[in-house]
Amino acid sequence: MRSALTTFKPFLPVAPLRNAVGIFVLTTLFYFIGAEMRLVEALSLFWPLNGVMAGVFARYAHLNRLRYYAVSYVAMLMYDAVTTTWGIASLVINFSNMVFIVTVALLVTRDRRKGRLIPDPINALRLFNYCLVAALLCALVGAMGSVGIDSQTFWPLYADWFSEQFSTGVLILPCLLTIKMPQLKSPLRAKHFLPVVALIVSVAASVVIGGAGSLAFPLPALIWCAVRYSLPATCLLTFVTGGVEIMLVASSIIDIAVATPLETPMMFSARLGIATMAICPVMVSVSVAAINSLIHQVSLRADYDFLTRVYSRSGLYEALKHEESHRHPRFLTVMLLDIDYFKSINDNYGHECGDKVLATFAEKVQQVVGEEGMVARMGGEEFAVVVNSGDARQGFLLAERIRESIASHPFTWRQQTLFLTVSIGLGSAKSESWQLTEVFNKLMAEADEYLYRSKKAGRNRTSARQDDAHLVMEPQKSTGQV
């Protein structure tokens, strides 16, 4: 079920009919929601349609076609034809909605074509600007279309159209452009909900205290959410908070001025204030996401060997520390592997060939080890393998599979075929989870000693304590030594 949800895509490039139906349904649904919150005639308390549809067209670039825009426009006209008596004015008013939708969608799509992926700190501000431009254009057309069906003059209408379109765009678009199916990486605890609790309390304080400054009360809580939660979660919480505040102000539940609840200047100020506030936690969240991404990249560079794509020495220790949190004992086998006569490969074929051999060797070892353990490059041509082997014999047999796999695998370099061999030393012991790193260090020293014995005995062999290797089938290749 989880896989189906995470891969579900409502709009597909190869399904034009499905796309058209989806756009028609979404447009009708959010037109209905906005119409139910109308204040007077064409003016709405909260108009989510334009922000939602702009986000849909921006998120799915293949929808940026004239036919799909036409479907959305026709859905608006049909709804008005059934529910209003605006007549020809409906053409202009709904065209203004399309101006906002198309402007934002094309600007965001242009950004993505140029490789500027949303979200990041710069594009969060750019999205803010796109909503500003789209709202100014939309308000110009919408105010002209509303003059005939509303008692207000052009400029009050323009102010109301602009503030409404701008505020809902800033609140909704970041949410739609970043939303994805949540994935819980750790169990939820009570402390994880503290930023949300603080957000609820701050909105309640806005209601109780009132005044213009009360609109900013949720800002610290939203920034706390931005630091603690993912970008999609922050955008969603910002959208919900902003939308709730706008509706509370419009219905006089939050009293920000001594004036009539639906007075245009009050709503104009409230909407712009909330929209401006809303961009702050989004900026913080995208900045935190960028920092976390950079930290993750730096961590990967430190924990993984760039050439061979297996753990580095430090990365192996970090992985072992992580394993110590798993509260169960295990039987640990540590192997040290050294490619035989690797220096002659560099001398005869060059360091470029040597690098290719190291990378291919590491890949082959990782294939044999699979999910049973961890592979790390300890330096030069020396590698370590750490496995939960069950017992010493199983560890020894795995080492033999690695040795035989390398010996039988042809390494190709510039139409030349090279065959390698590897010497392996082993150390095995039982370990409690809390002492995993300590036991690993002891087994590394033991494996290093037996690796030296493998080399001294002629290379291309596995060496371990006699009681760990007594069941091996090829004693001439694999020696158990005291």
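This is a predicted model: local features need pLDDT of at least 70, side-chain atom pairs count only at pLDDT 80 or more; totals for chains, interfaces and linings use all residues.
Residues are numbered from 1 along each chain as its sequence is written, and side-chain values use heavy atoms, with hydrogens and water left out.

Within α2, the buried residues (under 20% relative accessible area, with exposed meaning over 50% and partly exposed in between, for a 1.4 Å probe and protein chains only) include Asn 19, Ile 23, Phe 30 and Tyr 31. Leu 17, Val 21, Phe 24, Val 25, Val 74 and Met 78 form a nonpolar patch on the surface, and together they have about 540 Å² of accessible area. Two or more residues of the nonpolar patch come from each of α2 (16-36) and α4 (66-83), and α2 gives the most, with four residues. Patches are made of residues with over 30% relative accessible area and no salt bridge, like charges being joined within 9 Å and nonpolar side chains (Val, Leu, Ile, Met, Phe, Trp, Tyr) within 5 Å; the areas come from the Shrake-Rupley method with a 1.4 Å probe, and for residues only the protein chains shown count as cover. Met 78, placed in helix α4, counts as partly exposed because its relative accessibility is 45%.

**Salt bridges**

The structure holds twelve salt bridges, each defined as a side-chain nitrogen of Lys or Arg within 4 Å of a carboxyl oxygen of Asp or Glu. Three of them are listed here.

| Salt bridge | N to O distance |
|---|---|
| Asp 111 and Arg 110 | 3.9 Å |
| Arg 126 and Asp 111 | 3.4 Å |
| Glu 438 and Lys 442 | 3.7 Å |

Arg 126 lies in helix α6 and Asp 111 in helix α5 (residues 89-113), so this pair ties together parts that are 15 residues apart in sequence. Asp 111 is buried at 0% relative accessibility and Arg 126 is buried at 17%, whereas Arg 110 is partly exposed at 32%. Glu 438 and Lys 442 are four residues apart in helix α16 (residues 436-456), which means that about one helical turn separates them. Lys 442 counts as exposed at 57% relative accessibility. Through shared partners, salt bridges join Arg 110, Asp 111 and Arg 126 into one network.

**Aromatic pairs**

Twelve aromatic pairs are found in a search of the whole structure; rings of Phe, Tyr and Trp (its six-membered ring) pair if their centres lie within 6.5 Å, with planes under 30 degrees apart counted as stacked, over 60 as edge-to-face and the rest as tilted. Phe 128 and Phe 166 form an edge-to-face pair, at 5.2 Å centre to centre and 75° between the planes. This pair links distant parts of the chain, with Phe 128 in helix α6 (residues 121-146) and Phe 166 in helix α7 (residues 154-178), 38 residues apart.
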